[in-house]
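This briefing is intended for a reader who is new to the structure shown below. Please keep the sequence and the model in view while reading the points that follow.

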Amino acid sequence: MTEHARPQISSRKQPKQARSTELVATILTAAIQVLAKEGAQRFTTARVAERAGVSIGSVYQYFPNKAAILFRLQSDEWQQTNALLRGILQQMDQPPLARLRTLVHAFIHSECEEAEMRVALNDSAPLYRDAPEAHQARASGERTIALFMQEILPAATDATRALAGELVTTTLSSVGKQFSETPRTAVEIAAYADAMADMFCAYLQALQRE
């Protein structure tokens, strides 16, 4: 049985001039608006072009298909999340568990602020989830977590640190997504983040004692 060819999700080219950069920014802004309004199922390149006020040919100059546009939106979101991870976890003047607690609060707050967009991106994930580009985009965040686990669990085995890192990231992502799908107040967000941070800290402190 032959495999179905995966759609190309890399951009055709990178903008090199200010005018081209502005065009790509306009296309991506339009894509966010279309995705928020129509959802992943009704997201099309034609709708993006219409929303951006450009020809569909202009969109195809940079993005070969809708999967490439959606992947770019997801990749940008991953980069923002990775920057959040690094910015907090690499604050070496703060104790590790304090940094983790700050991260949990920042992440849950971000999930709730951008819930509609993240749900829509999650719905579109099958278009690019298993592509090599997607694995590469996720690798940076995984390295940041791995370095943090080496710092906080120096005596643990590699397998234990890997498990701890996966548990924290998977729980943050999955539970955070589920929690953010319902509108929340600031008080609810803070209480939920505190409880999740307590759980992570207790787990890591137990591993430190082993």
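In this predicted model, Arg 51 is in contact with Ala 30, Gln 33 and Val 34, its neighbours within four places in sequence being left aside. Arg 51 belongs to helix α2, which covers residues 45–52.

**Arg 51**

- Arg 51 counts as partly exposed because its relative accessible area is 49%, and the range for that class lies between 20% and 50%.
- Between the C-alpha atoms of Arg 51 and Asp 158 there is a separation of 49 Å, and the two residues are 107 positions apart along the chain.

**The chain as a whole**

- The protein chain contains 9 helices and 0 strands, and its pattern along the sequence reads α-α-α-α-α-α-α-α-α.
- The C-alpha trace spans about 60 × 40 × 40 Å along its principal axes.
- Of the 210 residues in the protein chain, 40% are buried.

**Helices α4 and α6**

- Helix α4 (residues 66–89) and helix α6 (residues 115–124) have axes that come within 10 Å and cross at roughly 125°.
- The two helices are therefore oblique to each other, and α4 passes α6 in a left-handed crossing.
- On the α4 side, the contact is made by Leu 70, Leu 73, Gln 74, Glu 77 and Thr 81, and on the α6 side by Arg 118, Leu 121 and Ser 124.
- By class, the residues of this contact of α4 with α6 divide into 3 nonpolar, 3 polar and 2 charged.

**Helices α8 and α9**

- The axes of helix α8 (residues 158–180) and helix α9 (residues 186–209) cross at roughly 165° and come within 12 Å.
- Because of that angle, α8 is roughly antiparallel to α9, the cut-off for this term being an angle over 145 degrees.
- The crossing in which α8 passes α9 is right-handed.
- From α8, the residues that meet α9 are Thr 160, Leu 163, Ala 164, Leu 167, Val 168, Thr 171, Leu 172, Val 175 and Phe 179.
- Their counterparts in α9 are Glu 188, Ile 189, Tyr 192, Met 196, Met 199, Phe 200, Tyr 203, Leu 204 and Leu 207.
- The contact of α8 with α9 comprises 15 nonpolar, 2 polar and 1 charged residues.

**Cysteines**

- A search of the whole structure finds 0 disulfides.
- Cys 112 takes part in no disulfide, and the nearest cysteine sulfur, in Cys 201, is 19 Å away.
- Cys 201 is buried, as its relative accessible area is 7%, and the class covers values under 20%.

**The segment after α9**

- Glu 210 is located in the segment after α9.
- With a relative accessible area of 73%, Glu 210 is exposed, a class that covers values over 50%.
- Computed along the sequence, Glu 210 and Ser 173 are 37 residues apart, and their C-alpha atoms are 27 Å apart in space.

Key. Residues numbered from 1 in each chain as written. Predicted model: local features only at pLDDT ≥ 70, side-chain atom pairs only at ≥ 80, totals over all residues. Heavy atoms only, no water. Disulfide = S-S within 2.5 Å. Buried < 20%, exposed > 50% of the residue type's maximum accessible area, 1.4 Å probe, protein only. Axes fitted to C-alpha atoms, helices over the stretch in contact; angles between N-to-C directions. Helix = DSSP H or I, 4+ residues; strand = E, 2+ residues; numbered from the N terminus. Parallel < 35°, antiparallel > 145°, perpendicular 65-115°, else oblique. Left-handed = near helix turned anticlockwise from the far one by under 90°. Contact = heavy atoms within 4.5 Å. Nonpolar A, V, L, I, M, F, W, Y, C, P; charged D, E, K, R; others polar.
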